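User: Hi! Could you walk me through this one, a bit at a time?
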Amino acid sequence: PYVKDGFNIPFETFLGFGGDKVPDIDLNFSGEYQSSAHRYTFELFGQTHVFRAGTIGTVAEKTAFGYVKKYLEERGRTASKAEENRLAIGCTGVKRTTGQHPGGMVVIPQDKEIYDFCPVQPPADDPNTDIVTTHFEYHSMESNLLKLDMLGHDDPSMVRMLEDLTGVNARQIPLDDPDTMSLFTTSRALGFENDEILGPTGAVAIPEFNTKFTRQMLIDTQPQDFNTLVRLSGFSHGTDVWLGNARELIVGGTASVTETVGCRDDIMLYLISMGLDPKMSFKIMEAVRKGKVKKGGFEPGWEEAMREHDVPDWYIQSLAKIGYLFPKAHAVAYVMMAFRIAWFKVHRPLAFYATFFTVRAKAFDAEYCCAGFDAVKRKLLEIWNNKDAAAVEQDLAVTLEVCYEFYLRGFRFEPINIYESEATRFVLKGDDALIPPFTAVRGLGETAALDTVEKRQGKEFISVEEFAACCNKLSKTHIDQLKNLGAFAGMADTSQITLF
């Protein structure tokens, strides 16, 4: 059942031929659960056998130039451009601070201790932390020690919330559902086609495929099956794999999507299928994926062996351009998640949007997002047409694009409601509406939102003044914003009753 889905992952990419490669174990957890998973590794292996992977922050080129300019200025000296460059190069890459990898945990064998490998330290010389990291940069000992990458990811959080809202088991969603597959080429299944703002595909808000860059990829390749989506994920995560390489081969008609290189495993599988020695195929794959071939060319005999076995010239040239290649196991895992989430977009749309806005919308601002279809479109075009838009505005634009589609499909936002809104999650109201949470108010943080939800329990408020006094973590600005957004639904401002 897995062959049709592009899951043909050779075991050698994980452990090498004859088990001579240190495996790279990556575990993606929901961001909410990541810290629990980290704590469990200490329980599993013991406090003295698990350490956070330490990182070393170095001086960047720009900063180095700043140092040189200041150094010369303070001493009243001048130097030629070449001398400034020489001094800056000397400072670039020097250790500036230490830190910790966001999810890397280094595991020490049970019969050894950490000091057999390296010293340990608190990150950034912080004496008040209980975190202990390895002192050396991980790459200097990666061939001797195992690192688990236990990363926080939004997709598992989304899948869990979708399951909770709909009762559908995501693992039973078929990975060849035709309506879901159609989203990657057309938005017909969503009830509209070729929208002027959203373009021809229905991929907005689908993880892995929602950026302008990846949506253009979908338009260029017109994927019809899961295998092609896996390759596209590889193209978008690799370096020098798509633009100036696979894209030109596909658009120019030299090769089809399935013939080009998308993930590192593709190289080994293809070369073995052409009759090359399996071990050599593995070595070529390893050299290409790390960018070694791009920097130093093929090892002696590799090119000749490929030509002897009729590997086309365009394929050999394509390999020589690659800077980094994504592992297929990663691509398959990401695309499976994306496909399952996309299934909800077609078949359980309201739950899908509630989940997207809760988990992924970085800058949901009720003032703009809940203002209706025309206002959302106006604001979106305004940000797109502003070349100097700040990062916050660009995040808002991503969210507004999803709001635009949400309205386009006939859904709407109810006003924030002091009794029904949750702290951080969007609530489904009927079949066509969502109630935004308190955090949708600009500047209202999670702590104040959680406090408000806790304090309002079992209470009936007779005025805005009483609500403000009860929920005292909310500032006057927040109360005014809530009032403007219609959260109090005509409630009196003060509790004074005038008797005549």
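Analyst: Happy to, starting with two working terms. Two strands pair if DSSP finds at least two bridges between them. Helices (H or I, at least four residues) and strands (E, at least two) are DSSP runs, numbered from the N terminus. This is a predicted model, so local features need pLDDT of at least 70 and side-chain atom pairs count only at pLDDT 80 or more, while totals for chains, interfaces and linings use all residues. Residues are numbered from 1 along each chain as its sequence is written, and side-chain values use heavy atoms, with hydrogens and water left out.

User: Thanks! Which residue in S9 is the bridge partner of leucine 428?
Analyst: That is leucine 434. S8 and strand S9 (residues 433–435) run antiparallel and are joined by 3 bridges.

User: What order do the strands of that sheet take?
Analyst: The order is S7-S9-S8, an open sheet of 3 strands with mixed pairing. Strand S7 (412–413) and strand S8 (427–429) are at the edges with a single partner strand each, so one side of each has no neighbour in the sheet.

User: Let's zoom out. How many helices and strands does the chain have?
Analyst: The chain has 22 helices and 9 strands. Its C-alpha atoms fill a box of roughly 100 × 65 × 55 Å along the principal axes. Of its 500 residues, 45% count as buried; buried means under 20% relative accessible area, exposed over 50%, and partly exposed in between (1.4 Å probe, protein chains only).

User: Now H7: which of its residues are buried?
Analyst: In helix H7 (residues 212–221) they are Thr214, Arg215, Met217, Leu218 and Thr221. Seen down the axis of H7, these buried residues fall within an arc of 150°, so they line one face of the helix. The arc is that of the directions from the helix axis to the C-beta atoms.

User: And what covers them?
Analyst: The cover includes helix H8 (226–237), helix H9 (242–251) and helix H19 (391–408). Just after H7, glutamine 222 has a positive phi of about 45°.

User: Where else does a residue other than glycine take a positive phi?
Analyst: Aspartate 240 is one of them, with phi near 55°. Aspartate 240 is in the loop between H8 and H9 and, at 32% relative accessibility, counts as partly exposed. Aspartate 310 has a positive phi of about 60° too; its place is the loop between helix H13 (302–308) and H14. At 62% relative accessibility, aspartate 310 counts as exposed.

User: At what angle do H9 and H14 pack?
Analyst: H9 and helix H14 (residues 313–321) pack at about 155°, with their axes 9 Å apart. That makes H9 roughly antiparallel to H14. Axes are lines fitted to C-alpha atoms, for helices over the stretch in contact, and angles run from 0 to 180 degrees between N-to-C directions. Angles under 35 degrees count as roughly parallel, over 145 as roughly antiparallel, 65 to 115 as roughly perpendicular and the rest as oblique.

User: Which residues meet there?
Analyst: Gly244, Asn245 and Leu249 in H9 meet Trp314, Ser318 and Lys321 in H14.

User: One last thing: is glutamate 405 buried or exposed?
Analyst: Glutamate 405 counts as buried, at 0% relative accessibility, and is found in helix H19. Leaving aside neighbours within four places in sequence, glutamate 405 is in contact with Leu190, Phe192, Leu198, Val204, Lys345 and Tyr353, where contact means heavy atoms within 4.5 Å.
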